[in-house]
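Hi,

Here is the structure I promised to pass on. Have a look at it first, and then read my notes below.

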Amino acid sequence: MSTDEQAEFDKLRGELYAIRAWAHFKQMVYFSSSYTDESALAVPYLDYSVVLEQPARNTVGEVFAGIEADLTLAKDLIPTTFTENIFFTLDAVTALEARMALYRQDYPTAIAKSTLLIDSYTLTDDSNYTNMWNDNEDSEIIFKLAREVGGSAIGQFYTTVSGSLDWISSDKLYNSYDANDIRLGLIGATNRSINKYPGVAAQTGLNDLKEFRVAEQYLIRAEAYAQSTQLGLAAADYNALRTTRISSYTDESFTNVSDAMSKILDERFRELAFEGHRFLDLKRTGTDLVRDNSDCSILAADACSMLNSNYLFTLPIPQDEIFANSNMIQNDGY
């Protein structure tokens with residue numbers, strides 16, 4: 001094997017270690033009841049090929065240990081010169097580490113990791129914001145999943161090729177935006193249609209799936225600062241993001257940790273909408289689900305709210321998995 005071939009082989013190995021870590025984290029956040037109780041049941045951590053074996057669930061601590069081991073290997077193998085954001089680069093590893101640290105309430109690490117990315121990426125300004133979702137602007141994208149014509153199109157999850165709406169924005173979300181917020185343009189004013197993934201000319205709804213953006217890193221650091229009672233620094237990050245999204249924006253301040261957390265979670269609600277964060281943000285912060293009446297009046301009487309203590313905040317292990325694996329334990333309540 002030549003030197004160049006060995007370097008390419010090592011890079012690919014590093015990417016695969018990082019992807020394995022990322023995949024386990026993505027699974028664990030849905031199927032584990034806690035991210036801070038290291039004895040809580042998580043998912044099986046598999047660092048070997050499974051054919052006929054029936055792996056038992058590992059604990060949260062064991063899964064995080066496996067993830068950290070994989071990321072250590074990845075960082076040793078992925079070169080610093082490799083920066084294509086449709087692949088798992090060292091920056092993507094750092095973004096994953098920042099997100100995990102926040103979930104684990106390891107605020108010093110969350111601050112350190114997010115700062116590395118905030119110092120390296122710029123927030124997309126309002127003139128280019130729509131272009132980012134059209135895949136024509138990449139300045140704040142750390143890692144995205146590239147999509148090609150003919151492949152699955154995330155935008156069709158919301159709006160079909162024929163134009164019918166399968167999912168729409170809630171009134172609560174739409175009404176939470178300032179009238180001068182550029183993000184409001186990605187939600188239909190009359191039908192609450194979701195236009196965050198509008199698609200390319202060749203295919204409706206086909207856009208690259210943004211997994212890590214520096215906007216999230218500002219919110220990670222803001223939350224970590226707030227939880228560390230550094231309210232001035234938390235407000236600075238919060239305001240830095242909102243300044244790029246809202247024209248004629250006036251900076252806000254935080255009066256205490258509770259006020260800061262409430263505003264930061266609301267901002268995550270707006271900034272990261274339809275990117276897979278809201279459910280997990282409520283779960284990990286102990287926040288109850290509360291809908292506006294206009295969003296739940298046609299549903300059951302008890303559909304407008306759900307306490308954070310409800311077992312439904314942890315998803316059930318799929319029944320097929322229970323049938324196939326005698327060592328698999330179902331989550332409480334199912």
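**Salt bridges and what else turned up**

Glu 275 and Arg 213 are both buried, where buried means under 20% relative accessible area, exposed means over 50%, and partly exposed is in between (1.4 Å probe, protein chains only). Before going on, some housekeeping: this is a predicted model, in which local features need pLDDT of at least 70 and side-chain atom pairs count only at pLDDT 80 or more, while totals for chains, interfaces and linings use all residues. Residues are numbered from 1 along each chain as its sequence is written, and side-chain values use heavy atoms, with hydrogens and water left out.

The side chains of Glu 275 and Arg 213 form a salt bridge, N to O 2.7 Å; the term stands for a side-chain nitrogen of Lys or Arg within 4 Å of a carboxyl oxygen of Asp or Glu. Glu 275 sits in the loop between H9 and H10 and Arg 213 in strand E4, so this pair links distant parts of the chain, 62 residues apart. The H and E labels are DSSP runs, numbered from the N terminus: helices (H or I) have at least four residues and strands (E) at least two.

How many salt bridges are there by this rule? The count is 33.

- Lys 26 and Glu 211 meet through their side chains at 3.6 Å, N to O. Because Lys 26 lies in helix H1 and Glu 211 in strand E4 (residues 209–213), the pair ties together parts 185 residues apart in sequence. Lys 26 is partly exposed at 35% relative accessibility, whereas Glu 211 is buried at 11%.
- Glu 271 pairs with Arg 245, with their closest N and O atoms 3.0 Å apart. Glu 271 belongs to helix H9 and Arg 245 to helix H8, so parts 26 residues apart in sequence are tied together. Both Glu 271 and Arg 245 are buried.

Now for the greasy parts. In soluble globular proteins, nonpolar side chains tend to be buried together. A nonpolar core here is a set of buried Ala, Val, Leu, Ile, Met, Phe, Trp, Tyr and Cys residues joined through side-chain atoms within 4.5 Å. The largest one has 65 residues, and Phe 25, Ile 67 and Phe 88 have the most contacts inside it. Among the elements that each supply at least two residues of this core are helix H1 (3–31), helix H2 (60–77), helix H4 (107–118) and strand E1 (141–145). Which helix gives the largest share of this core? That is H3, with ten residues.

Leaving out residues up to four places away in sequence, Phe 88 touches residues including Trp 22, Phe 82, Leu 96, Phe 143 and Phe 212; contact means heavy atoms within 4.5 Å. There is also a second, separate core of eight residues, which includes Tyr 129, Ile 141, Tyr 158 and Tyr 197.

You will find Lys 11 in helix H1, touching Leu 77, Ile 78, Pro 79 and Phe 82 when residues up to four places away in sequence are not counted.

Helix H10 (residues 278–285) has Leu 280, Asp 281, Leu 282, Lys 283 and Arg 284 as its buried residues. Their cover includes H1, H3, H7, H9 and strand E5 (289–290). After H10 comes Gly 286, with a positive phi near 70 degrees.

Two residues other than glycine also have a positive phi. For Thr 229 the value is near 60 degrees; Thr 229 is in the loop between H7 and H8 and counts as exposed at 59% relative accessibility. For Ser 248 phi is near 60 degrees; Ser 248 is in the loop between H8 and H9 and is exposed, at 73%.

Last, the disulfide, meaning a pair of cysteine sulfur atoms within 2.5 Å. The structure holds one, joining Cys 296 to Cys 304 with S to S at 1.8 Å. The torsion about the S-S bond is about 95 degrees, so the disulfide is right-handed. Cys 296 is buried at 1% relative accessibility, and Cys 304 is buried at 19%.

Cheers
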